Structures are given as structure tokens and as C-alpha cells.
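Me: I am new to this structure and would like to know how its descriptions are reached. Could you take me through a few of them?

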Amino acid sequence: MYAASKIRKPTGERADEFETQVSQAVLEIETNSDLKDALKPLHLVGAKELSIKDEKKAIVLYVPPPQLVAFKKVHLRFVREMEKKFSGRHIVIVAQRRILPKQTRKLKNKQKQKRPRSRTLTAVHDAILDDVCYPAEIVGKQTHIRVDGTRLIRIQLDKAKQTEIEHKCDTLTNVYKKLTGKDVHFEFPEWVL
């Protein structure tokens, strides 16, 4: 089995050099660890390296939405192994979701069906937020509108998972900003709603 089998692109597209490197690392983890049975049926759709402040980098792994549940089952061990392979970089797993345009009268290609709620911009951005901060659960969300009109979304995460995710909060904030263009701030409140 070769590395390209772990990353599957749409027909006609080829994996770039970085995606091939990530695919090779996933294949090595599959063959050399106890995650073999869990990772064998899974594959990636893409991978992207994002630059973050202070010369840090993060790797975003895109998976098919139906396989996201299976990736979440082995999330902690898989991310830990991937971070060992790519030292100094945080790994974030996100489902590759599609946003369909809003239906208007002027739309040239009429849709045969009504746009599903899961394909709207808001639903996709909320799902990406859930994926980005996965080991922790979102217990509260507040949108603050500043005087200059910019928005800041304050996300309260579960206090029980603070030790697993607190060191990544800056990375997660920057990854979400790069993927959606929205400012977020993660915090771990003492109280639970």
C-alpha cells in the first residue's frame, strides 16, 4: 500500500507535495501503532498548512463528513501521533463541508431541491467551530459587537477538557479565523450554563 491511498482527491486532481507527506505520515501511523483497525477504512480529502503568529504553523486535515465520527473515536491518539511526526505544529481535523449559494430569482442554475440547512453558511461555520475545538465541548457562545462594528465571538468550553486543549487555544483561534474569517476567543468558565 502506498501513501497516495490515504488521501483521495476529486477526479482529475492530484495531491500536492505537502499532502503526500501528510498521507505518508498517516500510513506510517496506521502500520506502526495500535490504531491500525481504526485507521484502515479512513482516508483524508486534503491537508493544508497554515501559518500562525510567531512563526508557528498548524496543519488542517480535511476528512469526508461521514468519516468524521470515526476520526473522533481515535482523535486524541491520532492527533498525538501526528504531532510527534510533525513536531512543533498543531493538528486540527475538520470535515470538508460544502456551502450552497442562497436561492434567489436571478440564479442561473435553478436548484431542483431546496437548499438543506446543513449547507448554509451559518450551519457550516458552526460545524467547523465544533470540529476545531473537538475534544472540548462548547457550553456557551456570545457574540460581542464592538463600537467599530467588528464582531467577536466568545466561546465557553467545557472546564473538564481544559488540560487537553488550553495550550492550543491561540492556534485554534487563528485556524478558525483563516477558515471562516470570524474572530473567536476561547475561554473556560468556572460556571456552567
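**Values and their definitions**

Me: Why is His-90 called buried?
Reply: His-90 has a relative accessible area of 17%, and buried means under 20%, with exposed over 50% and partly exposed in between (1.4 Å probe, protein chains only). Therefore His-90 counts as buried. A word on the background: this is a predicted model, where local features need pLDDT of at least 70 and side-chain atom pairs count only at pLDDT 80 or more, while totals for chains, interfaces and linings use all residues. Residues are numbered from 1 along each chain as its sequence is written, and side-chain values use heavy atoms, leaving out hydrogens and water.

Me: Where is His-90 found, and what joins its side chain to that of Thr-171?
Reply: His-90 is in strand S3; helices (H or I, at least four residues) and strands (E, at least two) are DSSP runs, numbered from the N terminus. A polar contact of 2.8 Å joins the two side chains. That term is for a pair of N or O atoms within 3.5 Å; within protein, one must be able to donate a hydrogen and the other to accept it, and residues adjacent in sequence count only if both atoms are side-chain atoms.

Me: What makes H1 oblique to H4?
Reply: The two helices pack at an angle of about 125°, with their axes 10 Å apart. Axes are lines fitted to C-alpha atoms, for helices over the stretch in contact, and angles run from 0 to 180 degrees between N-to-C directions. Under 35 degrees is roughly parallel, over 145 roughly antiparallel, 65 to 115 roughly perpendicular, and the rest oblique. So H1 is oblique to H4.

Me: Which residues of H1 meet H4?
Reply: Val-22, Ala-25, Val-26, Glu-28 and Ile-29 do, and their partners in H4 are Phe-78, Glu-81, Met-82 and Lys-85. Contact means heavy atoms within 4.5 Å.

Me: How do you know that the span of H1 is close to the expected one?
Reply: H1 has 16 residues and reaches 23 Å from its first C-alpha to its last, against 22 Å expected. The expected span is 1.5 Å times one less than the number of residues.

Me: And why does Gln-67 count as buried?
Reply: Its relative accessibility is 14%, so Gln-67 counts as buried. Gln-67 sits in the loop between S2 and helix H3, and its side chain reaches the backbone nitrogen of His-43 at 3.1 Å.
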